[in-house]
Amino acid sequence: TGKTWSSLLMIQHAVEDSDIIVIFAPTKDLVDQWIDDDNISRFFPKSSIVRCLGDANWRERLQNYLFTERSAPLFVVSTMHPTTMEDVIERVNSANKSRVAVIADEVHNLGSSLRRTIFPSLEADSARVALSATPFRDDPGDEAITEYFGDTIHEISIKDAIEKYGVLSEYEYHIHPVVLSDSERKRFRDHSTEISNLYNTYKSYEGQSLIEVSDRNPDLKVEVMNRARIVKECSAKLDVTRSLIDKAGTRTLVYCNTEEHTEQVVGEVDDHTIKTVSIFLGRLPSSEKENLLTHFEGGKIDVLVSIDCLTEGIDVPNCDSAILVTSSTTERETVQRRGRILREGETDEPAHLYDFVTLPADLKKIKAGEADLVPAEISLIERELQRLDIMNADAANKIENDPRILRLTRAITQYDPR
């Protein structure tokens, strides 16, 4: 809501009654959130809105609105599906008597290899607004986005939002170490060996990123995904999750890896809690998802178990805790997931974020130098530490966590990464 209202307030000062305002959002849920009565209509009560997704009738409606005289700006709210974007842009550009403004929600999505060839063709001469808590992708998409929208105009850090402006709740970050089982560790090592072999076969030059090479070679990508799944679904996380459910909070999100994994986690915790637990999936009908969120807000559902459809953009009402059974491997998703619980709440109590640091061997053995870590396992711990640093940076209990993170950081320096 914060980014949404801020952008609409900015647009109010930039557009005229005859203008067209195009809004691109990455998902159907976010499109519906924009056209909700509490958003566009709050700032532009007389405006018409065309929702561009689903049935083909929107194209005819858009065409009619574009060439009808208006007394208020026309809003065109579209998904970022490449074909839909192309159709919207072609029609809007043809209305050459109107000025055009654009708002890109979760703008980093426009930087994908296909979308970044499409969106710059929109002739937005009135205003260009890009929104994201995590705007940069660290790939060529960043250049396409900044070339079109310009450099960052205003940025508010999580720390400022909590401490300076008081618009986000404080949060406590709780770290729970878990260890791969013997079989999980063996499979992790086996996949790592195969990944190394395939990478060395396919790489174009020394130092080429694994992600770049795997994106072009499906067999390598499968190995990378299978190895990641071992960490994301580490079996030791289930026991800890079961012990956390009752003390986590009154409205808790639980993030899992796959639909099958959500069912596994729910099956593990459902018989050990008096709380009401439901699964929230992106493929569910909009009405069902809306009902789930309504019941969650009203307290009829205590725990929502999801994959990633509650990561980006969707307003989750009054959520006070989250358990990251599966932690994201990207900084962007890590920040987005933290943002789900950093909402202005009903009380002054801090939100609670529960995270796992997945280790290939027992923590005591790692600290004692007895863990016999191979390079891939050292890299795993380093990636886990990077995420812990990000999540812990603005936590209310940062000082308590810092020594634990530092001890693990120091412990792995005694292992030769070569």
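**Entry 1: salt bridges**

How many salt bridges does the count come to? I took a salt bridge as a side-chain nitrogen of Lys or Arg within 4 Å of a carboxyl oxygen of Asp or Glu. By this rule I get 21 salt bridges.

Two notes on the ground rules. The model is predicted, so I required pLDDT of at least 70 for local features and 80 or more for side-chain atom pairs, while totals for chains, interfaces and linings use all residues. Residues are numbered from 1 along each chain as its sequence is written, and side-chain values use heavy atoms, with hydrogens and water left out.

I looked up Arg99 and Asp19. Their side chains form a salt bridge at 3.0 Å, N to O. Arg99 sits in the loop between helix H5 (82-94) and strand S4 (100-104), and Asp19 in the loop between helix H1 (2-12) and strand S1 (20-25), so the pair ties together parts 80 residues apart in sequence. Helices (H or I, at least four residues) and strands (E, at least two) are DSSP runs, numbered from the N terminus.

Next I checked burial: buried is under 20% relative accessible area, exposed over 50%, partly exposed in between (1.4 Å probe, protein chains only). Asp19 is buried, at 0%. Arg99 is partly exposed, at 28%.

Asp38 and Arg42 also meet in a salt bridge, 2.6 Å from N to O. Asp38 is partly exposed at 35% relative accessibility. Arg42 is partly exposed as well, with 46%.

Arg387 and Glu384 are both buried. I also traced shared partners: salt bridges join Glu16, Asp19 and Arg99 into one network.

**Entry 2: nonpolar cores**

I defined a nonpolar core as a set of buried Ala, Val, Leu, Ile, Met, Phe, Trp, Tyr and Cys residues joined through side-chain atoms within 4.5 Å. The largest has 37 residues, and Tyr173, Leu304, Ile366 and Ile381 touch the most other members. Elements that each supply at least two residues include strand S6 (171-179), helix H13 (286-298) and helix H17 (398-412). H16 gives the most, with five residues.

Which residues is Ile366 in contact with, leaving aside its neighbours within four places in sequence? With contact set as heavy atoms within 4.5 Å, I find among them Leu359, Ile381, Leu408 and Tyr415.

A second, separate core holds 29 residues, including Met80, Val92, Ile118 and Ile145.

**Entry 3: the five-stranded sheet**

Five strands form an open sheet, ordered S2-S3-S1-S4-S5, with parallel pairing. Two strands pair if DSSP finds at least two bridges between them. Strand S2 (48-52) and strand S5 (127-130) are the edges, each pairing on one side only. The twist averages 15° from one strand to the next.

I followed S2 to strand S3 (residues 74-79): five bridges join these parallel strands. Val50 stands opposite Val76 in S3.

**Entry 4: whole chain**

I logged 17 helices and eleven strands for the protein chain. The radius of gyration is 23 Å, close to the 22 Å that the globule rule gives for 418 residues, so the chain is as compact as a globular protein of that length. The radius is taken over C-alpha atoms, and the rule is 2.2 Å times the number of residues to the power 0.38. The C-alpha trace spans about 75 × 55 × 40 Å along its principal axes. Buried residues make up 49% of the 418.

Note on methods
Axes fitted to C-alpha atoms, helices over the stretch in contact; angles between N-to-C directions.
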